[in-house]
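Dear colleague,

Please find below the structure I promised to hand over, with its sequence. My notes on it follow.

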Amino acid sequence: MMIRSRQYDRVIAVAALFVIVLRSRTCHCWQSRTDDTSMSLPIPSDAFSVIPPRTNQDWTDLSKLLVAVFDEEDNIGNRNERRKLGKKLWWNMFEKPALEEYVYKQYVRTARSMKRRKYSILLAKNITSGAVVGMAELGLDAKRPTVGVLCVASETRHQGVGRKLLESCESVVCSTAWNQTVCYVEVEDSNKAAVDFFSRQGYVTRDDADTRMVRVRQGRRLELRPHRILSKQLHPRDDG
């Protein structure tokens, strides 16, 4: 057992050294968003802007955000410290970059195929650092304008980013191009925090469709999961 333990420690040490060297040679390190201590401080509402992806870097940062929010915790999981360290190194070195590339390709492909349809992706970007700290995906589902995904980086939650993204989605729905007066959201039935968030923003459960099965990405697989449908009556602004 002692021999196996020492061999394991050597492997971990070599892997850690490899990560340090690779990070020093890469312009965008894996933990650049979470290592930025300034992003853990409260930020004013005008410290970030909401815009569609415009550059290749925007799409890259979008994929990093989605993987960090939806995949990282599930992959590292609750393990003892040694196994957790080994899994984290493996995740950062191999699994995470591969999954980020997969998500990047999927979203770019979807955006291209939906170019002439009513479909929008919005990014919340820190004005100072340029970091993508949140995103929302809005499209027509059965002729209903629906927010299918809305997520915020863990270090910038409870600072108004999600609310600003949702308000931007509602503005798109009310715009002349979309010309709709009701906005819908799909939330996993088990995600109480998300349900509470949308309820605070004025969204209510629809009487005619309390839940529906929605495809959700789990790694590279799609799984059907029950989602709650909520809606909000909007009041279009005079400026459209």
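A contact here means heavy atoms within 4.5 Å. On that basis, among contacts in the protein chain between residues at least 6 apart in sequence, 66% join residues at least 24 apart. Please bear in mind that this is a predicted model.

The protein chain holds 7 helices and 8 strands. It has 240 residues, of which 41% count as buried. Its accessible surface comes to about 14,700 Å², and carbon and sulfur atoms account for 52% of that.

Helix 7 (residues 192-200) may interest you in particular. Ala-194, Val-195, Phe-197 and Phe-198 are buried there. Because these four cover an arc of only 160° around the axis, they lie on the same side of helix 7. An α-helix has 3.6 residues a turn, so residues three or four places apart point the same way. On the other side of helix 7, Lys-192, Ala-193 and Arg-200 are exposed. The partners against which the buried residues of helix 7 pack are helix 6 (161-174), strand 5 (182-188) and strand 8 (221-233). Just after helix 7 comes Gly-202, with a positive phi of about 100°.

Val-67 lies 9.3 Å from Pro-97, C-alpha to C-alpha, although the two are 30 residues apart in sequence. Pro-97 belongs to helix 5 (residues 81-113) and is partly exposed, with a relative accessible area of 25%.

With kind regards

Terms used
Residues are numbered from 1 along each chain as its sequence is written. This is a predicted model: local features need pLDDT of at least 70, side-chain atom pairs count only at pLDDT 80 or more; totals for chains, interfaces and linings use all residues. Side-chain values use heavy atoms; hydrogens and water are left out. Helices (H or I, at least four residues) and strands (E, at least two) are DSSP runs, numbered from the N terminus. Buried means under 20% relative accessible area, exposed over 50%, partly exposed in between (1.4 Å probe, protein chains only). Accessible areas come from the Shrake-Rupley method with a 1.4 Å probe; for residues, only the protein chains shown count as cover. The arc is that of the directions from the helix axis to the C-beta atoms.
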